[in-house]
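This report concerns a model with its sequence and coordinates. It is meant to be read alongside both.

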There are 2 protein chains.
Amino acid sequence: MIVKTLKVVKIGGNIIDNEEELYGFLEQFSKINTPKILVHGGGKEATKLANKMGVEVKMTNGRRITDETTLDIATMVYAGKINKQIVAKLQRNNCNAIGFSGADGNTIVSEKRPVKDVDFGFVGDIVDVNPDVVKLLVNHNITPVFCALTHDKKGQLLNTNADTIASELAISLAKDFNVELYYCFEKKGVLQDANDDNSLIETINTLTYQDLIHKGVITDGMLPKLNNCFHAINNEVAKVCVGKTEMLFEINSKFTNIKK
Amino acid sequence: MIVKTLKVVKIGGNIIDNEEELYGFLEQFSKINTPKILVHGGGKEATKLANKMGVEVKMTNGRRITDETTLDIATMVYAGKINKQIVAKLQRNNCNAIGFSGADGNTIVSEKRPVKDVDFGFVGDIVDVNPDVVKLLVNHNITPVFCALTHDKKGQLLNTNADTIASELAISLAKDFNVELYYCFEKKGVLQDANDDNSLIETINTLTYQDLIHKGVITDGMLPKLNNCFHAINNEVAKVCVGKTEMLFEINSKFTNIKK
């Protein structure tokens, strides 16, 4: 049996927030001729809507708290506006897409994060992925587009990290496909010096990863992203890459390759 | 070959706007053991959000105009909040559902209503229905949940009447299923006297319909609804009913039956 390649592509705020960038990306993404899944974060749109509605963003120790209103806003912006605009643009490019939250098809089940020091509110940690509907669709040449929401199977939607959604989806499909996972963001990949695009680290493996953390090269937001990368590569995902979207489309582009 | 029954159920504002009513309905709807599709309108939530955002509702000759901001609000509320909350509640009831706009699966293609006397803005009249993805899903025991948005296949989402979405979907599936179409609203059905629930007209056919219009019994909002009913019954939909949700669940309930 030939195992088909399936690309899971996560895009972040730098693409979502720039209409021209987004539509250009979607045009190229549509041309990928293997089965594919798109996962998108939220960008600044949710904050803009909160401001318009006069809703305060609640923070505790620098961490955002998702109260009921914030969850509604996330649902409206991520699953509504951004997701459906992406689907409509993909359809224009003859890429037959369907928008998903984790509730759709019961695909991603999470549990509300337990309250320890901080009550993060309606934030979900993934406990189960059911890829059956996704498999059915990609095998019919349809592209699922996931936003960063999951559900607890008890009727509650929950805000969930888009990087984690991408890695868990990739892992859940790795039994049936040769899965490649691409984290697209504003930089060429993991950099030795965050301000120097020429300091790209082209390969990171489990050993060098520990070293880079130890040396303080990988910190802050890059730490959870790379944890998601290693979680995927250690669970049968065939290829995990971090970089600019060009890594998907340009043969000679450079990016960071995650190895076991 | 046995032709399966498929129920297309449209619910309106009277159910959407009342959480208890909605969740009670979804619990019962989940138990329907034939293939089924839910179509929902918007209710008052979009107006509430517009008010919170300080957005004015634009009207011309008593008709609502969908400008860009209003379309964004509709996309956020209908495809985001309402649709995903319905999907999450159906999942709780073990009904495997997937939320749809007409852009998802390229299912419902519309064209922006041409400007004559009034420019309605981003309102779409349906020109094509592609039920392939819907068929694939219902044949796998998955329930599509449609909100009142379509797309023009050129990247533009468009606001579209939910009653029309329900009838066009029903017609598009009538070749493959024994389709029953249910329009659920706040009344027992078409009434001789709009204020008297005891004046139910139990059957309307093409002939009596013309007579009821002529006599002024069917006017205003009921006219387009019944036009959708007759459009469906005249295009291979097996059964078309108008009434309260109880018509779906209670054997002896009374409602209006539309006949050729």
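Predicted model: local features only at pLDDT ≥ 70, side-chain atom pairs only at ≥ 80, totals over all residues.

## Contact between chain A and chain B

The size of an interface is often given as the accessible area lost when the parts come together. Here chain A and chain B bury about 3,200 Å² between them, and 65% of that area is on carbon and sulfur atoms. Each side is counted separately: 38 residues of chain A and 38 residues of chain B take part in the contact.

Between chain A and chain B there are 16 residue pairs in polar contact, with both residues at pLDDT 80 or more. On the side of chain A that touches chain B, the elements giving two or more residues are α3 (45–52), α4 (68–92), β5 (97–100) and α5 (132–138) of chain A. Helix α4(A) provides the largest share of that side, 14 residues. Sorted by class, the side of chain A that touches chain B consists of 16 nonpolar, 13 polar and 9 charged residues.

The number of salt bridges between chain A and chain B is 4. One of the salt bridges is formed by the side chains of B:Asp72 and A:Lys81, at 3.2 Å from N to O.

## Sheet in chain B

Chain B contains an open sheet of 8 strands with mixed pairing, in the order β5-β8-β2-β1-β11-β13-β14-β12. Its edge strands are β5 (97–100) and β12 (203–204) of chain B, each of which pairs on one side only.

Strands of a sheet pair through backbone hydrogen bonds, either parallel or antiparallel. Strand β13 (residues 239–243) and strand β14 (residues 256–258) of chain B run antiparallel and are joined by 3 bridges. Within this pairing, B:Val242 has B:Thr256 in β14(B) as its bridge partner.

## Salt bridges within chain B

Over all chains, the count is 26 salt bridges. One of them pairs B:Lys10 with B:Asp163, with the closest N and O atoms 2.7 Å apart. This pair links distant parts of the chain, 153 residues apart: B:Lys10 is in strand β1 (residues 5–11) of chain B and B:Asp163 is in helix α6 (residues 162–173) of chain B. Both B:Lys10 and B:Asp163 are buried.

A salt bridge also joins B:Glu45 to B:Lys81, where the closest N and O atoms are 2.9 Å apart. The two residues are 36 residues apart, with B:Glu45 in helix α3 (residues 45–52) and B:Lys81 in helix α4 (residues 68–92) of chain B. B:Glu45 has a relative accessible area of 22% and is therefore partly exposed, whereas B:Lys81 counts as buried because its relative accessibility is 12%.

The side chains of B:Lys135 and B:Asp176 form a salt bridge at 3.1 Å, N to O. B:Lys135 lies in helix α5 of chain B, and B:Asp176 lies 41 residues away in the loop between α6 and β11 (178–184) of chain B. B:Asp176 counts as partly exposed, with 34% relative accessibility.

## A network in chain A

Salt bridges that share partners join A:Lys10, A:Asp163 and A:Lys225 into one network.

Is B:Asp132 buried or exposed? Its relative accessible area is 55%, so B:Asp132 is exposed. The residue belongs to helix α5 (residues 132–138) of chain B. B:Asp132 and B:Asp67 are 65 residues apart along the chain, and their C-alpha atoms are separated by 31 Å.

How values were computed. Residues numbered from 1 in each chain as written. Chains lettered and ligands numbered in written order. Heavy atoms only, no water. Contact = heavy atoms within 4.5 Å. Buried area = accessible area lost by both parts, 1.4 Å probe. Polar contact = N/O pair within 3.5 Å; in protein donor to acceptor, adjacent residues only side chain to side chain. Helix = DSSP H or I, 4+ residues; strand = E, 2+ residues; numbered from the N terminus. Nonpolar A, V, L, I, M, F, W, Y, C, P; charged D, E, K, R; others polar. Buried < 20%, exposed > 50% of the residue type's maximum accessible area, 1.4 Å probe, protein only. Pairing = 2+ DSSP bridges.
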